[in-house]
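Welcome! Take each stop slowly and find the parts on screen as you go.

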Amino acid sequence: MDFTLSDEQQLLRDTARTLLAKECPPSLVRAHIDDPAAADELWLRVADFVALGGGPLTDLCLFVAETGSVAAPGPFFATAALFAPLLAAIDHELTPAVLAGETTGTVALAGADGVWAANDEPVKHFVPELDRVDWVAVIEAGPTVRVVPTDELPHRLLATIDWSRRLFELDSAALPGTAARLDAATLDEVVRRATVALAAEQVGTARRLFDMALEYAKQRIQFDVPIGSFQAIQHKLANVSLEVERADSAVQYAAMAVDALDDDRRRAAHVAKAAAGTAATHSAKDSIQIHGGIGYTWEHDLHLFLRRAYGSEAWLGPTGWHHDRLADLLFNA
Amino acid sequence: MQLSFGPEVEDFRVELVAFLDEHVPVEARTGFDMMDSGAEDRTEVIPEWARRWQATLFDHGWMIPGYPAALGGRDATPIQTLAYLEEMARRRVPRSLHFPGYAIVAPSLLEFGNAEQQALIPAAIRGDTIWCIGMSEPDAGSDLAGLSTRAELDGDRFVVNGQKVWTSYATVAQKCFVYVRTDPTAPKHKGISLLIVDMDTPGIEIRPLRHLSGAANFAEVFFTDVEVPAANLVGAQNDGWRITQGSLAHERAGLWVEGVSRLESTVQSLVDLVQRRGLTADAGVRRRVAAFYEQAASLRALGYKGFASFAQGSSAPEHSYMRLATAELGKATYELGMELQGADAATRDSERGEENGRWVNMFFMSFANTIAGGTSEIQRNIIAQRVLGLPRA
């Protein structure tokens, strides 16, 4: 394992950064609140990168860190980080079309408690982007999986705090198609992969919130000096930057461990999601505090990222849940 | 978590492991705690076995691997040095029980000393000479450049008057690096010089200073008309401030390893403690221990990531992050260890509580880690100003 990014990886990150800054400004995130079709154009720009979902997790993480940084709406994460890896793992016939960005999909798995593990509850919860994708892979107790078109499935859009990620309930009681057996260990790896990818996204969101606060602290003048010269502000920013760097490193390590099927990957994935969630929520809170009154307004873009930070924190296991799983490993259950 | 390196590093590691298997003294295998705790019970500041161990490391080229053989090393590369620090930390083996000589005096003299002064280096690294560092003063702590110990040049000697404080190893040291003010009229960073002072020079008075845990391994040092040969000036007169930044630069990118290893080891001790105290079913306790594990593990990742960028030629700002985080987290982990003992936390009685007062001792001692060598607040200032580019007040 080596934390050095290759030239290709640096190019991927820079390309993603430039592309998403251009194609996903805050105005698009806002437009998407009332009309999810506002993100359709963005999807066309990023569809080529779904192929990353079939490759090393380290590369996918570099890309989704940038989608997290702009709070990108649309089916990219569901398709590239959940649906594509699942289909690739079971060698599903749709895999090539999904990886080519020609069709989109999502995964329905969690029960009412929001835990992403196979269960026999008929209603699946917190399913991302269900009405904006072509396919859904529904995983049931067994585990089994059936991949069905999303047309006319009984679902309900949840009212969420983060409007850049749409979450649904799906009633899977009377689904068409036949369920195929799914290896439990395969499912485990797919969920772990998505969890680390989400952590990477959260680091992107955390970094965006931090960068906004740092920039503001340098230019906002009070008492005739930039507020960033005050120790109270400097120490807040130093603490947050430590958490962001720590989370960033934990995510990169977890992705490398998953790619290498290293024994440490179970712990590393929980560490990554917990560290990233902590970094993103702390960054969000301190960023708004450092912005003062202007950060509390609807007009300012901060709340778009605040929402993404807290929405992602709760999804695929909140920090406390991942700490509990880590404790299970540390204390041998 | 361990990075895998090429054969050039792994061969190096194999040689080191063979050396350690053969030579590590049994007293050095008691773990990190020995370096801090037990000071109350320890009769010698630097026990005989520790002196022999440091000399053995030096003689075999394992004291500072990045240095040449004449200086106790073997011209190791930075990545080999990282492997060395990893292996020592994993085994919890200290190199030395007195850091000033090998970690501060030697690299400073290498960079700024004249030939005569550089002749002092091997003995400083081997531990044959024990050094102390006269930096802090009662009125110059975080604001080190505000120091007021005076040295006036009088012919071929300086006459030194003033007081140093928190001087580690002063009671046993033969020599001291003393920072003095040689130009009281210049701006405070510009009037400082560095002198090498023999501790048996007339006019030096050493008063051991007990710290809050009860032990006394540092001291106040008073200088009254102490005469120091002018030849003992290191570097140019009034140019001593930049020497204060001296450290083992080539080890800097790997110094975090010990801090993180110590933290991980403390987290494992917490896991053991929770089990002994029958608290494994306590959801709150489990979660807090897991949160410490998460922080230690992610810090190790940050350390390796910083090293990767250092190895590629970038500076490694991670060092400031690591120092701040390991010191603060260390304190918090020891405090949890005390808390887990319930009412017994009030005692350090061998019949009660845990590990003969180990947790309270470590907790009390850990206050030094967020103060000495730059407080956590100073570390945050450094991160804010040097890493994040925020303006100074």
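In this predicted model, helices H10(B) and H11(B) pack with their axes 11 Å apart, at an angle of about 160°. That angle makes H10(B) roughly antiparallel to H11(B), because angles over 145 degrees count as roughly antiparallel. Two packed helices are described by the angle between their axes and the distance between the axes.

**The H10–H11 pair of chain B**

- The crossing in which H10(B) passes H11(B) is left-handed.
- On the H10(B) side, the residues that meet H11(B) include B:Arg288, B:Phe292, B:Leu299 and B:Leu302.
- Among their partners in H11(B) are B:Met322, B:Ala325, B:Leu329 and B:Leu336.
- Sorted by class, the contact of H10(B) with H11(B) holds eight nonpolar, six polar and three charged residues.
- B:Arg288 sits in helix H10 of chain B, and this residue is buried, with 20 other C-beta atoms within 10 Å.
- B:Arg288 and B:Leu336 are 48 residues apart along the chain, and 8.6 Å separates their C-alpha atoms.
- The loop between H10 and H11 of chain B holds B:Gln312. Is B:Gln312 buried or exposed? It counts as exposed, having 9 C-beta neighbours inside 10 Å.
- From B:Gln312 to B:Glu227 there are 85 residues in sequence, and 48 Å in space from C-alpha to C-alpha.

**Where the two chains touch**

- How many residues does each chain give to the contact? Chain A gives 37 residues and chain B gives 33.
- On the chain B side, the elements that give two or more residues are H10 (283–311), H11 (318–339) and H13 (376–387).
- H10(B) provides the largest share of that side, with 15 residues.
- The chain B side is made up of 22 nonpolar, five polar and six charged residues.

**A helix pair in chain A**

- Helix H5 (residues 76–89) and helix H7 (residues 184–219) of chain A have axes that come within 10 Å and cross at roughly 160°.
- H5(A) and H7(A) are therefore roughly antiparallel to each other, and H5(A) passes H7(A) in a right-handed crossing.
- Residues of H5(A) in this contact include A:Phe77, A:Leu82, A:Pro85 and A:Leu86. Those they meet in H7(A) include A:Val190, A:Arg193, A:Ala194 and A:Ala197.
- Nine nonpolar, one polar and three charged residues make up the contact of H5(A) with H7(A).

**Nonpolar cores**

- The largest nonpolar core has 213 residues. Which residues have the most contacts inside this core? They are A:Cys61, A:Val196, A:Val251, A:Ala254, A:Ala272 and B:Val289.
- H7(A) gives the largest share of this core, 18 residues.
- If you set aside neighbours within four places in sequence, A:Ala254 touches A:Val196, A:Ala199, A:Arg265, A:Ala268, A:Ala269, A:Val271 and A:Ala272.
- Another core, of eight residues, lies apart from the largest one, and B:Met338, B:Val360, B:Phe364 and B:Met365 are among its members.
- Helix H12 (residues 358–366) of chain B is mostly covered, with eight of its nine residues buried.
- Among those buried residues of H12(B) are B:Trp359, B:Val360, B:Phe364 and B:Met365.

- Most residues other than glycine have a negative phi, and most peptide bonds are trans. Here are some exceptions to look for.
- A:Ala71 has a positive phi, near 50°, and is not a glycine. This residue lies in the loop between helix H4 (57–69) and H5 of chain A.
- A:Ala71 is buried, since 29 other C-beta atoms lie within 10 Å.
- B:Arg92 also is not a glycine, yet its phi is positive at about 55°. You can find B:Arg92 in the loop between helix H4 (78–90) and helix H5 (99–112) of chain B.
- B:Arg92 is partly exposed, with 18 other C-beta atoms within 10 Å.
- Between A:Gly142 and A:Pro143 the peptide bond is cis, with omega near -5°.
- A:Pro143 belongs to the loop between strand S3 (135–140) and strand S4 (144–149) of chain A.

Methods. Residues are numbered from 1 along each chain as its sequence is written. Chains are lettered from A and ligands numbered from 1 in the order in which they are written. This is a predicted model: local features need pLDDT of at least 70, side-chain atom pairs count only at pLDDT 80 or more; totals for chains, interfaces and linings use all residues. Axes are lines fitted to C-alpha atoms, for helices over the stretch in contact, and angles run from 0 to 180 degrees between N-to-C directions. Helices (H or I, at least four residues) and strands (E, at least two) are DSSP runs, numbered from the N terminus. Angles under 35 degrees count as roughly parallel, over 145 as roughly antiparallel, 65 to 115 as roughly perpendicular and the rest as oblique. A crossing is left-handed if the near helix is turned anticlockwise from the far one by less than a right angle, and right-handed if clockwise. Two residues are in contact if their C-beta atoms, placed from the backbone, lie within 7 Å. Ala, Val, Leu, Ile, Met, Phe, Trp, Tyr, Cys and Pro count as nonpolar, Asp, Glu, Lys and Arg as charged, and the others, Gly among them, as polar. A nonpolar core is a set of buried Ala, Val, Leu, Ile, Met, Phe, Trp, Tyr and Cys residues joined through C-beta atoms within 7 Å. A residue is buried if 20 or more other C-beta atoms lie within 10 Å of its own, exposed if 12 or fewer, and partly exposed in between; C-beta atoms are placed from the backbone.
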